[in-house]
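Hello,

Here is the structure I promised to pass on to you. Please open it next to this email and follow along as you read.

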Amino acid sequence: MSSRTLAGHNGAVAVLNKAYNKKLDAIGKIDIKDNVFIGINAIIMPGIEIGLNALVAVEAVVTKNVSKGDIVAGVPARVIGKVDDLVAKMEKETSELPWADIIYQRQGSFDPKLEPCLTAARVKYFFGEER
């Protein structure tokens, strides 16, 4: 998870209690399943479940449950795609990169032995020389 807000409690309750002379409360469990990415400044409201392998975009405000494998974005968040489709698109794009061979040699998603080579290849591609 990057920087985000999990709002398990509705902060407006304090104002409503005072303004209407009530004793209200509004809370909800937030259930985030495995292998979920939540972008920077996203807000997850109370009572929300985010399904397995889902992605929540930067600054999304999640007010409804997110199904397994969905990509959501916006205010309020809505489904904009499927993770499986994104993976297929990124797989094709990765195969076309000049440094794809280095990516395919990695052990895991970060390989300290190969990162200097990968950085050098990217710098050369974008700037024409190593810096």
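**Aromatic pairs**

The structure holds three aromatic pairs. Rings of Phe, Tyr and Trp (for Trp, its six-membered ring) pair if their centres lie within 6.5 Å; planes under 30 degrees apart count as stacked, over 60 as edge-to-face and the rest as tilted.

Take Trp99 and Phe126: their ring centres are 6.1 Å apart and their planes stand at 50°, so this pair is tilted. Trp99 sits in the loop between helix H2 (83-95) and helix H3 (100-105), while Phe126 belongs to helix H4 (residues 115-127), so the pair ties together parts that are 27 residues apart in sequence. Helices (H or I, at least four residues) and strands (E, at least two) are DSSP runs, numbered from the N terminus.

Phe126 also pairs with Tyr125: here the centres are 5.0 Å apart and the planes at 85°, so the pair is edge-to-face.

**Buried or exposed**

Buried means under 20% relative accessible area, exposed over 50%, and partly exposed in between (1.4 Å probe, protein chains only). Trp99 is buried, at 5%, whereas Phe126 is exposed, at 56%. Tyr125 is exposed as well, with 51%.

Elsewhere, Ile44 lies in strand E4 (residues 42-44) and is buried, at 0%.

**Before you start**

This is a predicted model: local features need pLDDT of at least 70, side-chain atom pairs count only at pLDDT 80 or more, and totals for chains, interfaces and linings use all residues. Residues are numbered from 1 along each chain as its sequence is written, and side-chain values use heavy atoms, leaving out hydrogens and water.

Best wishes
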